[in-house]
Amino acid sequence: MGQAPSTHGYPPDSVPDLSHPHHIHLCTSVAAPEADWQLLDHTAEIPDECLALVFQSLSSGDRNSCSLVSRRWLAVEGQSRHRLTLNAAAQVAPQLSSIFTRFDSVTKLALRCDRKSVSIDDDALTLISLRCPNLTRLKLRSCREISDAGMLALATNCKLLRKFSCGSCMFGAKGMNALLDNCSSLEELSVKRLRGIDDGFAEEPIGSGAEAAALKSITLKELYNGQCFGPLIVGSKNLKTLKILRCLGDWDRMLESITSRKNCLSEIHLERLQVSDFGLFAVSKCPNLEVFHLVKAPDCSNDGILSIAENCRVLRKVHIDGWRTNRIGDEGLIGIAKNSVNLVELVLIGVNLSSVSLMAMALNCQKLERLALCGSENIGDAEITCVADKCVALKKLCIKGCRVTDTGIEAFAFGCPNLVKIKVKKCRGVTSEAVDWLRARRVTLSVSLDADEMEPEVLEAATATDYAPDFPPIANAPSTSNAARRLPNKSRFSLLACAFRRVSNANATSNL
């Protein structure tokens, strides 16, 4: 019995002779009709809305690759991209029109320029503001050629801005006031190294306008004349977060002005400021304060910390970097322990405390989950053993630059039943053998040890950035780096199915 030749879809009476030279010539020289190529595109029947949902779940690198598949994918990818990061160098200005023709739905934009390059100017920023009228978030980094005129055009054309951040820019108070007066929906403002206001109050203070009702967060960082923002801070009645970092000037009076009225402040960060206990007394007038960071303020003492502890009874997170001045110790920490029953996170750097304050903390702060003890000469095995025995709810612990040995670390073999992670750095008395023993006793406990040799004179108190509690990751804007993690094929098919269901549900709802 012989095997019948395959007809490949042709009728039995019209099977072509594939060996004929004329047929071979036609197959190789004549292009297939466009309709035949479309039959091979399995995504042709996927709606644009569904394809856009799939693209939104991919990394920036994957999206760029997908945009090269076809003209349709190029158009859908551009129209569905809401976040964009651009090199803001001056040579990019001629291409801005074509860039925003493709990406015409951008709502979150970051413009970054290298410090050694010339940035885009007012004309380019005006063009961007005209092409992105629905912009809600904007970041400007090292855009030194943008002046008050460019900021005025931006504020006039992008009135839906909710978050604005600038760093190393040159516009001044007029540009900032134009933004605040025109963008009534502005909720978050972050200003870093704004050189245009370094000349003092000669131009005009930055006051509050229509934005005062919506503004919820203000961050001032590395400003020579940050007091210019005083009227804005005082006038923002719904302000909840205030961060003043490494700004020159005396801030005691400014803090008194801010807290002299009824306020909604729930988070305050003070870092490397000229602030004393009088400023902390002003902070204590915030009854809703939940998060308080005090970093390297040598004029602050136990009196200021005790005042905050007694008047701010809902504290949940406290970070104190005492800079080894020995002005903040047991007295202030015992005050926090007695009055902050809701405390879940405590970071102490360069603070000399003893087992007395740690015992008070363990007995009164039953919800304490994250603890960091860094750069303290008084913390040894006795204090760490106290933590292991009494802090039942503790989940994450960081010990850095303390006089702890293997004895203190071994205490966690039976203490802190909820502990999931412990990090030990620059503690020369802790050996890898003790860490391995602890890992063997508690398999589910993650133990990290930094056992590198270090000269004694190099050992310094850790800064506030040395310890960062492990929180769930924040979804950032897609990176343009090719190192972004790619989704496996199964995940992409799942995303496609989910997108189909979302589009189907939307259509069913619209038909009701």
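This is a predicted model: local features need pLDDT of at least 70, side-chain atom pairs count only at pLDDT 80 or more; totals for chains, interfaces and linings use all residues.
Visitor: Fine. What covers the buried residues of α13?

Guide: The cover includes helix α12 (277-283), strand β9 (291-295), strand β10 (317-321) and helix α14 (330-339).

Visitor: And which residues of α13 are buried?

Guide: Helix α13 spans residues 302-311, and its buried residues are N302, G304, I305, S307, I308 and A309.

Visitor: Which residues are buried in α16?

Guide: In helix α16 (residues 381-390), they are E383, I384, C386, V387 and A388.

Visitor: What do those pack against?

Guide: The buried residues of α16 pack against α15, β12 (370-374), β13 (396-400) and α17 (406-410).

Visitor: You mentioned α15. Where is S357?

Guide: S357 belongs to that helix, α15, which runs over residues 355-364.

Visitor: Is S357 buried or exposed?

Guide: S357 has a relative accessible area of 1%. The limit for calling a residue buried is under 20%, so S357 counts as buried.

Visitor: What does S357 touch, leaving out residues up to four places away in sequence?

Guide: With those left out, S357 touches D330, L333 and I334. L333 is 24 residues from S357 along the chain, while their C-alpha atoms are separated by 6.0 Å.

Visitor: Let us step back. How many helices and strands does the chain have?

Guide: The chain has 19 helices and 15 strands. It consists of 512 residues, of which 45% count as buried.

Visitor: What share of the contacts join residues at least 24 apart?

Guide: Taking contacts between residues at least 6 apart in sequence, 75% join residues at least 24 apart.

Visitor: Which residues touch the most other members of the largest nonpolar core?

Guide: They are L111, F164, M176, F229 and F292, in a core of 122 residues. A second, separate core has nine residues, including C50, A52, W73 and V76.

Visitor: What does F229 touch, again without residues up to four places away in sequence?

Guide: F229 touches M176, L189, V191, I197, I206, L220 and L223.

Visitor: Now the strands. In which sense do β1 and β2 pair?

Guide: Strands β1 (residues 83-87) and β2 (residues 108-112) are parallel, and five bridges join them. Within this pair, L84 has L109 in β2 as its bridge partner. Between the two strands the chain passes through helix α6 (residues 96-102), and this β-α-β crossover is right-handed.

Visitor: What about β2 and β3? In which sense do they pair?

Guide: β2 and β3 (residues 137-141) also form a parallel pair over five bridges. Here R112 is the bridge partner of R141 in β3. Helix α7 (residues 122-131) lies between them in the chain path, and β2, α7 and β3 make a right-handed β-α-β unit.

Visitor: What does the side chain of N263 reach?

Guide: The side chain of N263 reaches the backbone oxygen of R261 at 3.3 Å and the backbone nitrogen of L265 at 3.3 Å. Beyond four places in sequence, N263 touches K285, C286 and N288.

Visitor: And K423: where does it lie?

Guide: K423 lies in strand β14 (residues 421-425). Its relative accessible area is 24%, which makes K423 partly exposed. Not counting residues up to four places away in sequence, K423 touches L397, C398, I399 and S448.

Visitor: Last topic. What is the phi of R193?

Guide: Phi of R193 is near 50°, a positive value in a residue other than glycine. In general, most residues other than glycine have a negative phi. R193 sits in the loop between β5 (188-192) and β6 (217-221), and R193 is buried, with a relative accessible area of 15%.

Visitor: What about the phi of W323?

Guide: W323 likewise has a positive phi, of about 60°, and W323 is not a glycine. W323 is in the loop between β10 and α14. With a relative accessible area of 41%, W323 is partly exposed.

Note on methods: Residues are numbered from 1 along each chain as its sequence is written. Side-chain values use heavy atoms; hydrogens and water are left out. Helices (H or I, at least four residues) and strands (E, at least two) are DSSP runs, numbered from the N terminus. Buried means under 20% relative accessible area, exposed over 50%, partly exposed in between (1.4 Å probe, protein chains only). Contact means heavy atoms within 4.5 Å. A polar contact is a pair of N or O atoms within 3.5 Å; within protein, one must be able to donate a hydrogen and the other to accept it, and residues adjacent in sequence count only if both atoms are side-chain atoms. A nonpolar core is a set of buried Ala, Val, Leu, Ile, Met, Phe, Trp, Tyr and Cys residues joined through side-chain atoms within 4.5 Å. Two strands pair if DSSP finds at least two bridges between them. A crossover is right-handed if, with the strands pointing away from the viewer, the path from the first strand over the helix to the second runs clockwise.
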